[in-house]
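Me: I have a new model open and would like to learn how to read it. Could you walk me through a few features, one at a time?

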Amino acid sequence: MMARVARLLTLPLGAIALALVVGAIVMIASSPLVEGHVDFALPLVTYWALIEGSMLSFNAIVDTIVNAAPLILVGLAVGLGFKAGLFNIGGQGQFLVGAVTAAGVGAALASSPPAVAVTAAILAGMVAGAVYGFIPGLLKAYTGAHEVVTTIMLNYVAFQIVSFLITGPLRAEGASFARSNDVGNAALPVILNAGTGHPGHLGIVIPFLVAPLIWWLLFKSTIGFELRTVGANPDAARYAGMGPRRMVILALTAGGMLAGLAGAIEILGVTGYMPAAYSTNIGFEAITVALLGRANPIGIILGGLLLGAMRAGSGLMQIQAGVPVQMIDLLQGVILFFLAADVIVRKVFRVKAVDVGVGELQTVTSSYAGKATVR
């Protein structure tokens, strides 16, 4: 059992290790541009600063969990799609729609009792995200429209929805920039706070409660069995009396709900309002999280914590090593590259493909075909 687990971990861990090597080469090669000489110790200083800024203090750990929480939820949304043979690349739009809806409802209920305001704002964000996931699910099920195309298009629509709402009907009067009103009593209560500006809000608990529920849904319930069967072979699932259309809609709707929940807890727990120019790559980083976790909810938690740690430590990395925070984007991109080009990892670490291959990667290039959804 332990040997099998070790083999299964080879691909994600190997991809991370190779990404760190590539990152070290880039830092050494670019060091003369900054320091005037080749600095072979720069990668060690950089990676140590990342570790220190993400794990070696209470504040660092809280920062890591706060950064990881939305990544885990959107990663679950992407992973759920993978299990159904779908590539949900619309986590970004679903996150934003959930965030702006929670911001609007939270601001409207800012003076209401906290229990009412928080519950209503979170539920509103989840419903908005679910509706935004339902749209590509319905199109996929009944027209065969590829979910990659529709979700990418809906991402851009979400950007414009946020801009319209925050610069228009939801804009706070008297604010120096376009943003919504404060959510007031709808803000998530702080449960971890060392008193130095690193509060951990109640929302960071939610992903660690949701992930086991998704695991149970996928691997212990009838719906989960049908969903995974549809993802593996939709025609066989139809022959067995299952409903591929229903599973497609369910997977993308549930994924949208999870991404909308992530947007809600980010606004209610971190910012307290929604700016018009809300900048985030959570929806795309979640793809890396889902692939690192092999689309398994438990693995997605670990993948989310890793990327959350990288984000949490990026500030100290820039201060101590002088390496810009964009290095984190480079590392994440290289990790995703090696996950996709798993043959390189297998060659380097001499592991058979049958032991480490990520089946969900097939979904990225050959998603659930229209011919299996419109009949």
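Predicted model: local features only at pLDDT ≥ 70, side-chain atom pairs only at ≥ 80, totals over all residues.

Me: Where does A295 sit, and what is its phi?

Reply: Here is the background: most residues other than glycine have a negative phi. A295 has a positive phi of about 60° although it is not a glycine. Its place is in the loop between α11 and α12. Helices here are DSSP runs of H or I with at least four residues, strands are runs of E with at least two, and both are numbered from the N terminus.

Me: Which other residue in that loop has a positive phi?

Reply: Look at R294, which lies in the loop between α11 and α12 (297-321). R294 counts as partly exposed because its relative accessibility is 22%.

Me: How many residues of helix α11 are buried?

Reply: Ten of the eleven residues of α11 (residues 282-292) are buried, so this helix is largely enclosed by the rest of the structure. Among the buried ones are I282, G283, E285 and A286, and the run I287, T288, V289, A290, L291 and L292 is buried too.

Me: How do I read the packing of two helices, say α7 and α8?

Reply: Two packed helices are described by the angle between their axes and the distance between the axes. Axes are lines fitted to C-alpha atoms, for helices over the stretch in contact, and angles run from 0 to 180 degrees between N-to-C directions. For α7 and α8 the angle is about 70° and the axes are 5 Å apart. That makes α7 roughly perpendicular to α8. The classes are: under 35 degrees roughly parallel, over 145 roughly antiparallel, 65 to 115 roughly perpendicular, and the rest oblique.

Me: Which residues meet where α7 and α8 pack?

Reply: Contact means heavy atoms within 4.5 Å. From α7 come L217, L218, F219 and K220; they meet T222, I223, G224, F225, L227 and R228 of α8. The residues of this contact divide into six nonpolar, two polar and two charged. In this scheme Ala, Val, Leu, Ile, Met, Phe, Trp, Tyr, Cys and Pro count as nonpolar, Asp, Glu, Lys and Arg as charged, and the others, Gly among them, as polar.

Me: Which residues of α8 are buried, and what do they pack against?

Reply: In α8 (residues 222-232), the buried residues are G224, E226, L227, T229 and V230. They pack against α3 (58-83), α7 (206-220), α9 (234-239) and α10 (244-271).

Me: What does I265 touch beyond its neighbours in sequence?

Reply: I265 lies in helix α10 and is buried, with a relative accessible area of 1%. Leaving aside neighbours within four places in sequence, I265 is in contact with A69, L73, L188, H201, G203, I206 and V270.

Me: And what does A211 touch?

Reply: A211 is found in helix α7 and counts as buried, at 0% relative accessibility. Not counting residues up to four places away in sequence, A211 touches L76, P297 and I301.

Me: How far apart are A141 and V248 in sequence and in space?

Reply: They are 107 residues apart in sequence and 6.3 Å apart in space, C-alpha to C-alpha. A141 is in helix α5 (residues 114-143) and, at 0% relative accessibility, counts as buried.

Me: To finish, how many helices and strands does the protein have?

Reply: The protein has 16 helices and two strands. Of its 375 residues, 52% count as buried. Residues 24 or more positions apart account for 75% of the contacts with a separation of 6 or more.

Technical notes
Residues numbered from 1 in each chain as written. Heavy atoms only, no water. Buried < 20%, exposed > 50% of the residue type's maximum accessible area, 1.4 Å probe, protein only.
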